[in-house]
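Dear colleague,

Please find below the structure that I am handing over to you. My findings follow directly after it, arranged by topic.

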Amino acid sequence: MEVKTSLLDNMIGVGDMVLLEPLSEDSFLENLKKRFEHNEIYTYIGSVVISMNPYRSLPIYTPEKVEEYRNRNFYELSPHIYALADEAYRSLRDQDKDQCILITGERGAGKTEASKLVMSYVAAVCGKGQEVNKVKEQLLQSNPVLEAFGNAKTVRNDNSSRFGKYMDIEFDFKGDPLGGVISNYLLEKSRVVKQPRGERNFHIFYQLLSGASDETLKTLKLDRDFSKYNYLSLDSASVSGVDDAANFRTVRNAMQIVGFMEDEVQSVLQLVAAALKLGNIEFKPESRSNGLDESRVKDKNDLKEMCELLGIEQSVLERAFSYRTVEAKSEKVSTTLNVAQAYYARDALAKNLYSRLFSWLVTRINESIKAQAKTRHKVMGVLDIYGFEIFEDNSFEQFIINYCNEKLQQIFIELTLREEQEEYVREGIEWTNIEYFNNAVICDLIENNQNGIMAMLDEECLRPGTVTDETFLDKLNTICAEHQHFESRLSKNSKFLTDHSLPHNCFRIQHYAGKVLYRAEGFVDKNNDLLYRDLSQAMYKANHSLIKQLFPEGSPAKINLKRPPTAGYQFKASVGTLMRNLQTKNPNYIRCIKPNDKKSSHIFTESLVCHQVRYLGLMENVRVRRAGYAFRQAYEPCLERYKMLCKKTWPHWKGPARQGVEVLMSDLKVPAEEYSYGRSKIFIRNPRTLFFLEERRRQCLQDLATLIQKIYRGWKCRRQFLLMKKSQVVVAAWYRRYAQQKKYKKIKHATTVMQSYARGWQARKLLRQLKHQKRCEEAATTIAAYYHGTQARRELRRLKEEARRKHAVAVIWAYWQGLKVRREYRKFFRANAGKKIYNFTVQRIIQKYFLNLKKNLPSMSPVDKSWPSRPYSFLDGVHAELRRTFHLWRCKKYRSQFTEEKKAVYEEKLEASKLFKDKKALYPSSVSQSFKGDYLEINKNPKYQKLHGAVDEKVLLADAVSKINRANGKGSPRIFLLTKKSVVLADQKTGQVKASVPLLDLASVSVSTQSDGFFALKLKEGSSSAVKGDFLLSSERLIEVITKLYRLSAASADRVPLGVDISDEFLVQFKNDKVCVKFIQGSPKNGGGGASCKRKNNRLLEVSVPSTA
Ligand SMILES: Nc1ncnc2c1ncn2[C@@H]1O[C@H](COP(=O)(O)OP(=O)(O)O)[C@@H](O)[C@H]1O
Ligand SMILES: [Mg+2]
């Protein structure tokens, strides 16, 4: 809901002076002061805004503020310039009324700031979009350009506008800006050549010198040093808080945005530079023959540079500073100028140059910002014109300015009164006339075409003969003497004869804002605003397009003997146009007031403010406004604001608002003469009535606040309760849902269980039935099978019986047949049948025997002993013979497949069997062993490398043996080698040969009958080897060793074969002694031990051989 507020809320003093009670100048000032001290710089008089210059930035121009005031009623919020701007903009947009905003006040009162605030507000609230924004930007950026060229630092204001400005902003039907037109009024051009103390020239000069690049300055032939230029006052060349260099960049940028071409900017700067240069041209007198002085340019350098800059021929300009051509009728007379005249001419040129440049700038800006569309525009005009000026020394400029203000005041009076009057008529309220001062009479004094001051001045200027300021004053004294607002010492009006405050060379005008004393000196000159034709012609000849354009009257084609219109005339005309323009528009007033002369934010100088209040006619303004009714308000907002004061209108009034207000007023018992009903507004005569209403409203609001609080609390509690109730329902619903779900699940489960039982029972029943049915079917099959079996067996028996009978018949028949045959053939058979049958039978048996034998022959293995058993005893001999023959045959077959080596092996084995079979118990165990011979692999084993070297012949046998020690019967390990020629014994570890015995020296070998491996090598007596004695050795491969030894001895033809003695007791020759070695049957073999040898005595070694049983 939108919060409705009012101007009347939180007021400091009163926001609207109309409500001041009692109304007096003191209370007016008091109110202004109070508000100023609280930073409330705006106060209304009805719809007029009074603005006090705060001289400091206040936080009341933010975008938020813009939003706050946007689309709000004028009295809705506290007074603000935005409220006025909004009101003006909305009535322009919505009611199609052209608007003008008139900002008046003294210099430094804040007019220019106010105009900028209005423009920025309108820019902020009007339409948006690329095109619109560009227009807005151009309109806003025209300000810095004009300010640079038209503003200057003055004593009262660091950025004082030295020209009047009126700007029309044009809008389309939607309220979007289309463009604008700027008019300028009377630039204070005298400032170009001379500035009062403490002030400076126009900003642009300083900005150019401090902000332009070195390069630019060089092309403009300028020096950065201000002191080099006569036209620049030095005492306040730089202003604190103002950065001229930065401002120069801002201005350049603004010019670019507004649409100036680069060459245009350059031309403008050249003209500014030229004005500066002009000031530096100085003159010296030169005596002439006719006794008159003639001026000459002193130092031509500046002149030269300026001419170069503007493309002017130096001699032409130089001449124009020394001579003046006067054309009268058809004659041309050239007179010389003295030094003073030359300076006058120079300054006139500078002033003209600058002011024309300024006007050109305005025209150029207008070209850029003018609205493009040809359709009808709505217009909002903003007038920022210099305020009323009263100095100690007032001249033509002040006269003109004050005249302008006089006109504005008139339009203000006319329009406000007219508007007030119109409102009364519109609202149907009776109009009572009000006394107020009308300044039309002063305007008449100044502008009257017959005898007005300006007309007099023009007359004087155009009059032939000598014309001076004194003749002008004389004229005024005669013609205006009777006017009640004109005062002069020498006038016919004798009452001023003794007035010493009025000098002789001055006249005084009683302006609406006070009396102003004008010095007549300079009026004629300034009004003439003369620029010698020679100078304008010189300018026209310049080779510079902008200069040419600015001095069109210098064109030879335009030689016109008629004088140009005077300055006063021109100004009057333009003010007239402006006034006519303003009269067509709806006026909005901003009255600016300056609180002090010191630019201070804290001081409120009452006398100063009082003066302004007076001459601005603010008190009159209030009185006019209050003359009829002090306060008025449309019915709707009025009812809205006060409806709570009456039960009938509270809280809602159903009927029309006016009736509501009527009911309200009568209910409140407000006296009937205190108010009046208009068509759309109620008019309240006395502010007291309004304050009474306000006070009642304030009390009522407190009660209402309590009521609202009560209702709100009740509502809040109820809402809380309803929420809880709602929540409870939700919770309960959820819980019920949950419980029902649980119950349902349980039932579902139980049903499933029961169902499964029932189904199971049914299924089993069915199964039983099916099983029974199946058994019945099986039983029937079995019975049928048995039955068929019985039948089949019975049938089989019957068939067998039948077959037996048939067979018996056949046998009986055969026997009977045989009997018959035998009986018949017995007589032919008897003699040799027995012999033949016998032979046949025998042959048959033998045949059968051989066939059988052939079938059952044993395997081809020679060791297979099996043989088919004998079938008949009469074949015994044959059977045995056949067995032997078969055996021999298969042995032969076996032998025939032997290789030579295998054959040798078998021969050796055969030899061994001849030697030991049935003679030594060790033999049977050797049969299955193959005789490998070299068990030690003597020639491969690297350990026996040495040994192999020692034995030069092929080793037939190599094996480990033990050599029995005679002393204790223990064995020591030896390697036993057998070659074709000798026996070698070597150490087992080192491989060193211990003994080598040639086979020829061996006499015999002795072994026991038992299963031991002991053997004795007996040497031939007398042989070389016999010295050491015989060897008693033991070997596991005894059979092989002896067989190999024996076969070697048998193979050589020159020797007797080696004797092999097998007995359990033999003698061995050890060195000199013979020792008997005796073998005894020991206890059965236990553990791993073989035969053990023990020495019994010197002559007996006993070897105990474990029994094999
Ligand atoms: N509303 C304002 N807020 C802050 N400062 C202001 C305001 N109005 C005026 N001023 C100050 O006063 C100075 C003079 O204002 P300006 O508008 O140039 O005066 P005028 O145009 O009436 O001569 C400004 O430079 C500024 O410093
Ligand atoms: Mg200004």
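**Findings: peptide bonds and backbone**

Proline 22 is placed in the segment before α1 (25-37). The model is a predicted one, and in it the peptide bond that joins glutamate 21 to proline 22 is cis, with omega at about -5°. A cis peptide bond also joins tryptophan 650 and proline 651, where omega is about 0°. Proline 651 belongs to the loop between α23 (635-642) and α24 (657-668).

Asparagine 39, in the loop between α1 and β1 (42-45), has a phi near 60°, a positive value in a residue other than glycine. Its relative accessibility is 33%, and asparagine 39 therefore counts as partly exposed. Tyrosine 55 is not a glycine either, yet its phi is positive, at about 50°. This tyrosine 55 sits in the loop between β2 (48-52) and α2 (63-69).

**The chain as a whole**

The protein chain contains 31 helices and 31 strands. Its radius of gyration is 80 Å, whereas the globule rule gives 32 Å for 1109 residues; the chain is therefore more spread out than a compact globule. The C-alpha trace spans about 225 × 105 × 75 Å along its principal axes.

Of the 1109 residues, 45% are buried. The accessible surface of the chain amounts to about 60,600 Å², and carbon and sulfur atoms account for 54% of this area. As for contacts between residues at least 6 apart in sequence, 64% of them join residues at least 24 apart. The chain carries 180 positive and 129 negative charges, and the mean positions of these two sets are 26 Å apart.

**Nonpolar cores**

The largest nonpolar core comprises 213 residues, and Phe28, Phe149, Phe205 and Leu317 are those with the most contacts inside it. Helix α12 (residues 339-369) gives the most to this core, contributing 15 residues. Another core, of 31 residues, lies apart from the largest one; among its members are Ala912, Val997, Leu1017 and Tyr1046.

If residues up to four places away in sequence are set aside, phenylalanine 205 touches Val192, Leu232, Val272, Ala275, Leu276 and Tyr354.

**Tyrosine 206 and its surroundings**

Tyrosine 206 forms part of helix α6 (residues 203-211). Its relative accessible area is 0%, under the 20% cut-off, and tyrosine 206 is therefore buried. Neighbours within four places in sequence left aside, tyrosine 206 is in contact with Arg200, Asn201, Phe226, Leu232, Ser233, Ala237 and Asp244. Serine 238 is 32 residues from tyrosine 206 along the chain, and the C-alpha atoms of the two are separated by 8.1 Å.

**Two mostly covered helices**

Helix α15 (residues 453-462) is mostly covered, with 8 of its 10 residues buried. The buried residues of α15 are Ile453, Met454, Ala455, Met456, Leu457, Asp458, Glu460 and Cys461.

Helix α22 (residues 618-627) is mostly covered as well, and here 7 of the 10 residues are buried. In α22 the buried positions are Leu618, Met619, Asn621, Val622, Val624, Arg625 and Arg626.

Glutamine 633 is located in strand β17 (residues 631-634). With a relative accessible area of 15%, glutamine 633 falls under the 20% cut-off and so counts as buried. Beyond four places in sequence, glutamine 633 touches Cys638, Tyr642, Ser680, Lys681 and Ile682.

Glutamate 1036, in contrast, is exposed, because its relative accessible area of 72% is over the 50% cut-off. This residue, glutamate 1036, is found in the loop between β26 (1031-1034) and α31 (1038-1051). Leucine 922 and glutamate 1036 are 114 residues apart in sequence, while their C-alpha atoms are 9.6 Å apart in space.

With kind regards

Terms used. Residues are numbered from 1 along each chain as its sequence is written. Chains are lettered from A and ligands numbered from 1 in the order in which they are written. This is a predicted model: local features need pLDDT of at least 70, side-chain atom pairs count only at pLDDT 80 or more; totals for chains, interfaces and linings use all residues. Side-chain values use heavy atoms; hydrogens and water are left out. A nonpolar core is a set of buried Ala, Val, Leu, Ile, Met, Phe, Trp, Tyr and Cys residues joined through side-chain atoms within 4.5 Å. Buried means under 20% relative accessible area, exposed over 50%, partly exposed in between (1.4 Å probe, protein chains only). Helices (H or I, at least four residues) and strands (E, at least two) are DSSP runs, numbered from the N terminus. Contact means heavy atoms within 4.5 Å. The radius of gyration is taken over C-alpha atoms; the globule rule is 2.2 Å times the number of residues to the power 0.38. Accessible areas come from the Shrake-Rupley method with a 1.4 Å probe; for residues, only the protein chains shown count as cover. Lys and Arg count as positive and Asp and Glu as negative; His and the chain ends are not counted. The place of a charge is taken as NZ of Lys, CZ of Arg, CG of Asp or CD of Glu.
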